[in-house]
Amino acid sequence: MMTDPIADLLTRIRNGSRARKDRVDVPWSKVKERLTAVLVEEGYLKDYTVVGEGPKKEIRIGLRYDAQRRPVITGLKRVSKPSLRVYVGADTAPRIRRGLGVSILSTPQGILPDRVARERNVGGEVLCAVW
């Protein structure tokens with residue numbers, strides 16, 4: 001049993017991009033799929049697909065690089081952990097690198113980037129920060 005599956009997802013993405021892999025495979029869950037979709041929408045990942053059936057489902061994540069083959073993601077940080085949850089209001093959602101990065105929140109309206117959460121005026125749990 002895994003204690004923190006979101007931290008595992010972020011670690012696999014971080015390790016895969018540092019090793020210059022084209023893609024990484026991660027065990028599937030709804031939260032991981034939505035978190036990956038937000039990272040794709042924000043431009044940090046190339047794409048993702050769900051492969052497999054039943055309990056053997058996996059998310060195949062395409063990593064993104066620039067023209068010099070450097071990873072687009074320079075940093076990933078798990079903010080809210082199982083041992084210490086971090087909650088913020090809509091107006092206090094953290095700005096990462098003065099707006100150059102993104103913090104991802106789990107809100108009542110779903111998993112959203114900080115910018116969208118501020119627009120919709122919803123707060124929630126800060127899952128991670130990406131820059």
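In this predicted model, strands β6 and β7 run antiparallel and are joined by four bridges. Strand β7 covers residues 110-113.

Let us turn to the interior. In soluble globular proteins, nonpolar side chains tend to be buried together. Here the largest nonpolar core has 23 residues. Which of them touch the most other members? They are Ile13, Leu35, Ile61, Ile104 and Val130. Two or more residues of this core come from each of α1 (5-18), β1 (23-27), α2 (30-41), β3 (58-63), β6 (102-107) and β8 (124-130). The largest share, four residues, is given by α1.

Leaving aside residues up to four places away in sequence, leucine 35 touches Ile6, Leu9, Ile104, Ile111, Leu127 and Cys128. The helix α2 spans residues 30-41. Over its twelve residues, α2 reaches 16 Å from first C-alpha to last, which is close to the 16 Å expected at 1.5 Å a residue. Which residues of α2 are buried? They are Lys32, Leu35, Thr36, Ala37, Val38 and Leu39. Just after α2 comes glycine 43, with a positive phi of about 95 degrees.

Note on methods
Residues are numbered from 1 along each chain as its sequence is written. This is a predicted model: local features need pLDDT of at least 70, side-chain atom pairs count only at pLDDT 80 or more; totals for chains, interfaces and linings use all residues. Side-chain values use heavy atoms; hydrogens and water are left out. A nonpolar core is a set of buried Ala, Val, Leu, Ile, Met, Phe, Trp, Tyr and Cys residues joined through side-chain atoms within 4.5 Å. Buried means under 20% relative accessible area, exposed over 50%, partly exposed in between (1.4 Å probe, protein chains only). Contact means heavy atoms within 4.5 Å. The expected span of a helix is 1.5 Å times one less than its number of residues. Two strands pair if DSSP finds at least two bridges between them.
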